[in-house]
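Please read these notes with the model open beside you.

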Amino acid sequence: MDLADGNLRSPLLPPPKNSGAGPQKLCIDDMLQKYCGEFGRWQLKHFVLTSLAWALEAFHTMVMIFADREPGWRCVGGGCSGGSGGGVCGLEPGSWEWVGGLGSSTVAEWGLVCEDKYKVGLVQSLFFGGCMIGAGIFGHLSDSFLGRKGSLTVVCILNAVFGILTAFAPDYWAYALLRLLTGFSTGGVGLCAFVLATEPVGPSKRGIAGMSTFYFFSTGIALLSAIAYLFKSWRSLYVATSIPSLLFLFVIVPFVSESPRWFLIRGKPNEALKIMREIAKYNGKSLPDNVMLALDEETKEPTNGEQKKGENEAKQAISGSLIDVVRSRLMRVRLFLSVAINFLCSVVYYGLSLNVVNLGTNLYLNVFLNSVAEMPAFLLTAILLDRFGRKPLAIGTLWFSGFFCVLGCLVGGDGAWKVVRMVCGILGIFGMAGTYNLLFIYTVELFPTVVRNAALGCASQAAQMGAIFTPFVVVLGGRLPFAVFGVCGVVGGLLAFCLPETLNKPLYDTMGGMEGGENAFGPLLV
């Protein structure tokens with residue numbers, strides 16, 4: 001009887017033992033691929049909104065072309081006709097005047113000609129020097145407590161303030177200081193926007209998405225040409241190019257999300273998971289309840305069956321710095337190569353850009369055509385990026401540009417050969433525009449999340465150093481600039497041989513995760 005009662009009280013099947021199946025640990029890349037979607041409607045909206053900041057960077061960078069230009073001049077009466085062939089330096093004051101008036105440019109207002117002509121180049125170097133400092137500082141801040149979105153917000157505020165103040169500069173030195181400060185904030189715009197736009201994108205779509213950000217920069221240059229055509233005064237031009245930064249802050253930034261990767265490395269997995277659920281929902285997908293976000297090395301750890309959702313609570317923030325990069329042999333070599341290649345690429349890109357501006361055509365039309373000419377390079381590189389990989393494409397575009405620069409050095413500069421040299425310059429900048437575009441996504445994939453913006457900031461600093469150096473190359477004139485640009489392109493391609501391929505590799509979060517993952521892929525050059 002007791003036995004029967006015991007049988008009646010017992011289930012027909014024994015209760016299942018604890019299977020040990022707890023929360024499923026996934027890194028962000030795996031979660032995007034399996035559940036959220038790699039590039040759905042959410043990523044498209046976020047990508048477009050964030051990448052609009054590149055147009056702002058184009059405004060604040062290229063405005064100097066129009067604000068600091070040397071306008072035309074004309075004689076007042078017939079007293080200067082005899083000396084007109086030598087320019088205005090040998091003319092008597094009052095015998096000539098600037099076309100468009102003193103307010104047409106800083107050169108006209110402050111007389112930056114003759115013995116003061118160097119001051120125009122000095123302002124340009126100060127701006128790029130500010131960019132170099134700002135890229136390093138905001139690269140670190142966006143990796144640390146300020147975050148990607150916070151850093152982007154700060155640099156846009158500073159750009160708007162410094163840009164508008166520049167329009168009221170009382171003298172040259174105040175103008176130079178404000179351009180230095182504008183460069184400081186501008187240096188952080190592109191790298192913060194790039195990382196923020198591409199980090200929520202899945203690995204198979206990240207390359208083409210990253211390549212597409214530079215369309216916004218080129219479009220910004222094209223729009224700047226139209227704005228400069230409408231606002232002929234340099235002071236009103238600075239106001240007109242600074243107001244879009246304010247509009248971006250109030251109209252765009254509220255709809256931009258912080259990077260889930262930043263939340264994860266800062267020890268806030270719940271906030272990161274919340275964004276991932278939002279991505280899945282907006283993309284028409286669903287994220288299971290039993291998944292949790294984890295860093296790279298955590299996904300390799302065995303999952304304890306007794307784990308609860310509480311394990312997805314706040315963890316200690318993981319941070320990194322350039323010191324950590326230097327301590328790691330793998331990261332140290334990659335940083336050196338990235339810095340060197342970015343420097344060489346910048347010398348060629350900005351150098352050829354300055355040479356194209358000196359064609360003597362309509363300035364507004366010329367700048368517009370230059371910006372449009374870069375777009376086919378972006379498209380072609382984006383198409384080939386996932387087919388041939390980052391490394392072969394980087395080598396190919398660098399050598400393509402270097403070849404035509406060397407060819408431009410060998411041809412003459414008289415008669416019909418001028419046209420040949422001009423074509424060599426255009427083809428050179430075509431190739432280097434593709435390289436410049438590629439280097440951003442390549443650098444992002446070479447470093448883990450904890451130091452990604454710091455490394456990208458170093459690469460951007462190197463590019464700004466190249467931009468500072470470029471004017472000294474251009475003033476050499478003749479064949480020498482093309483020779484320097486050709487050597488830079490060829491050497492850059494040789495250095496790219498030493499970098500690993502990152503196509504279809506995961507976007508690592510931590511230093512340990514990257515070093516362990518790269519060892520799993522087998523021996524690499526670095």
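1. Angles between axes under 35 degrees count as roughly parallel, over 145 as roughly antiparallel, 65 to 115 as roughly perpendicular, and the rest as oblique. Axes are lines fitted to C-alpha atoms, for helices over the stretch in contact, and angles run from 0 to 180 degrees between N-to-C directions. Helices (H or I, at least four residues) are DSSP runs, numbered from the N terminus.

2. This is a predicted model, in which local features need pLDDT of at least 70, side-chain atom pairs count only at pLDDT 80 or more, and totals for chains, interfaces and linings use all residues. Residues are numbered from 1 along each chain as its sequence is written, and side-chain values use heavy atoms, with hydrogens and water left out.

3. Helices H16 (residues 363-388) and H17 (residues 390-410) pack with axes 7 Å apart, at an angle of about 135°. The two are therefore oblique to each other. In contact (heavy atoms within 4.5 Å) are Thr381, Leu384, Leu385, Asp386 and Phe388 of H16 with Arg390, Pro392 and Leu393 of H17.

4. Helix H4 (residues 53-67) has a kink of about 35° centred on Thr61; the bend at a residue is the angle between axes fitted to the seven residues ending there and the seven starting there. Of the 15 residues in H4, 14 are buried (under 20% relative accessible area, with a 1.4 Å probe and protein chains only).

5. Arg206 lies in helix H10 (residues 203-230). Arg206 is buried, at 1% relative accessible area. Leaving aside residues up to four places away in sequence, its contacts include Asp29, Arg261 and Glu445.

Terms used
Buried means under 20% relative accessible area, exposed over 50%, partly exposed in between (1.4 Å probe, protein chains only).
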